[in-house]
Amino acid sequence: MDPWTPSSWTSKPIKQDVIYNDDKGVQASLAKLQNLPPLVTTQEITNLKKSLKNVALGKAFVLQGGDCAELFDYCNQDVIEAKVKLLLQMSLVLIWGANKPVVRIARIAGQFAKPRSSPMEVVDGVEMPSFRGDNINGFDATPESRNPDPSRLVSAYFHSAATLNYLRASLSSGLADLHSPLDWGLGHVITPSIKENYERIVSRVKDALRFMQTVGIDTDRGVETVEIFTSHEGLLLEYEQTLTRLLKNPSSESTHNAQAPVAATATTPLQSYYATSAHFLWIGDRTRQLDGAHIEFFRGIANPIGIKIGPSMTPDELVRILDVVNPTREIGKVTLISRYGASKIAQYLPAHIAAVQASGHLPVWQCDPMHGNTQSTPSGIKTRHFTDILSELRQALEIHRAAGSFLGGMHLELTGEAVTECVGGAAGLTEEGLGERYTTFCDPRLNEKQALELAFLVAGFYRDMDEEGMNSI
Ligand code: PEP
Ligand code: CO
């Protein structure tokens, strides 16, 4: 294999490429980005990597969620807070259900670029490029707005930075304080049964905190905040390359053997290339060709990475991809994000698990129950059914369990807003009701109510499994 560099991907065939017709503009934007500071630090990336290792080993659960396509306009106080609070509420429910720590990764602060099934579309009789995400072109349906605009690359960085700044500031100012989970704005839209269940969990958390205080354990440290990591699809490699930097590894990385002197060895280099646009990047289902540009770029970065896998992935190809992106078989370095669809998961997941088990790789297995379950209503609106989403999750859990593997987490498209994009859930949203608040710029997302309900149901699966486990002892 040829040596890796941050730009070695440019010699490989690439899918979903963006063709700019302003070369000078592209060069100016990339030069600007190259000079800007990293958005995340190596210490944070390494912390996430350690957490994901625990997930791979079955000791923690990972919740990843956010918009399908994040817009620059979502860089707004209310929108960010709503999303963060929802992820916090869901993770509290999952901690209670799965009885494990929950690692939170948001699709936020950079989830701008979108792969599309067709590069062009016809709107009102006019042919124009498809909307590719706010860091590439505009959503407005005119050929001018849809023309890829390289200045959006720099805007993407600053919108990511502002979002991340508010996220960090809110968390460090107590937004996630476990003493006040009822202040996380449990929405007006929540159904009574979900509200009641949620309040019951909160009261148990409060009891536990009171007990800890009574016995003298300091509850002000450690429960007042949590970490939320950022992620996006690493689609636009020009952008990712400029933010990929050779940086010193945090000391715990380079001194994993406390007896050994701190020195660069083959397994513990002193520095590595980190993608610093987010803590976690993933490769989409449309760009994961073994010999393609995206796999080439991803094989060189030290971040934990995700790979989407669907029905078109063969078990053999999956193992070969793992061998390329993770030759040292670091546990939890790779998250396999499966997205087959509720009617297909039983056909494909068992063979994928078996092949990975036989290979000796130990990835995080995460279920994305969204992308294999998209369908169109008779009137042409893209939607997803809550029952399909739940069914794919339940099957994933059962299939992993039967195979002696762990379902480490779930990957959802959701928003803290009261949108009407997915059908079903306790509030009984119907296809007729989809028009009310259908605001996604790409795929349909779960709204606050549906997302929290899903967390409860998944937590319930874990509790049921625990009870079954207890009964079979
Ligand atoms: C996505 O996660 O928004 C996406 C496009 O997914 P996939 O690559 O699995 O189709
Ligand atoms: Co999507």
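Tutor: Let's start where strand S1 (residues 61-66) meets strand S14 (residues 409-413): the two pair in the parallel sense over 5 bridges. This is a predicted model, in which local features need pLDDT of at least 70 and side-chain atom pairs count only at pLDDT 80 or more, while totals for chains, interfaces and linings use all residues. Residues are numbered from 1 along each chain as its sequence is written, chains are lettered from A and ligands numbered from 1 in the order in which they are written, and side-chain values use heavy atoms, leaving out hydrogens and water.

Now for the words I just used. Strands (E, at least two residues) and helices (H or I, at least four) are DSSP runs, numbered from the N terminus. Two strands pair if DSSP finds at least two bridges between them. Strands of a sheet pair through backbone hydrogen bonds, either parallel or antiparallel. Within our pair, Gln-64 stands opposite His-411 in S14.

Touching is a matter of contact, meaning heavy atoms within 4.5 Å.

S2 itself is mostly covered, with 6 of its 6 residues buried. Buried means under 20% relative accessible area, exposed means over 50%, and partly exposed lies in between (1.4 Å probe, protein chains only). Both faces of S2 are covered: on one side sit Val-102, Arg-104 and Ala-106, and on the other Val-103, Ile-105 and Arg-107, all of them buried.

Now look at what lies along the chain from our starting pair. The cobalt ion (ligand 2) is coordinated by Cys-68 (SG), His-371 (NE2), Glu-413 (OE) and Asp-443 (OD), at 2.1 to 2.4 Å. Donors are N, O and S atoms within 2.8 Å of the metal (3.2 Å for Na, K and Ca); water is not among the atoms, so sites may look incomplete. Along the chain, the donors follow the spacing C-x302-H-x41-E-x29-D. Cys-68 lies in the loop between S1 and helix H3 (77-98), and Glu-413 lies in strand S14, so the pair ties together parts that are 345 residues apart in sequence. Cys-68 is buried at 0% relative accessibility, and Glu-413 is also buried, with a relative accessible area of 0%.

Most residues other than glycine have a negative phi, and most peptide bonds are trans. Ala-109, however, has a positive phi near 60°. Ala-109 lies in the loop between S2 and strand S3 (120-123), and at 2% relative accessibility this residue counts as buried. Arg-329 also has a positive phi, about 55°, although it is not a glycine. Arg-329 lies in the loop between helix H10 (315-325) and S10 and is partly exposed at 39% relative accessibility.

Finally, here is the wider setting for your close look. The protein comes to 13 helices and 14 strands. Of its 473 residues, 55% are buried. Among contacts between residues at least 6 apart in sequence, 77% join residues at least 24 apart.
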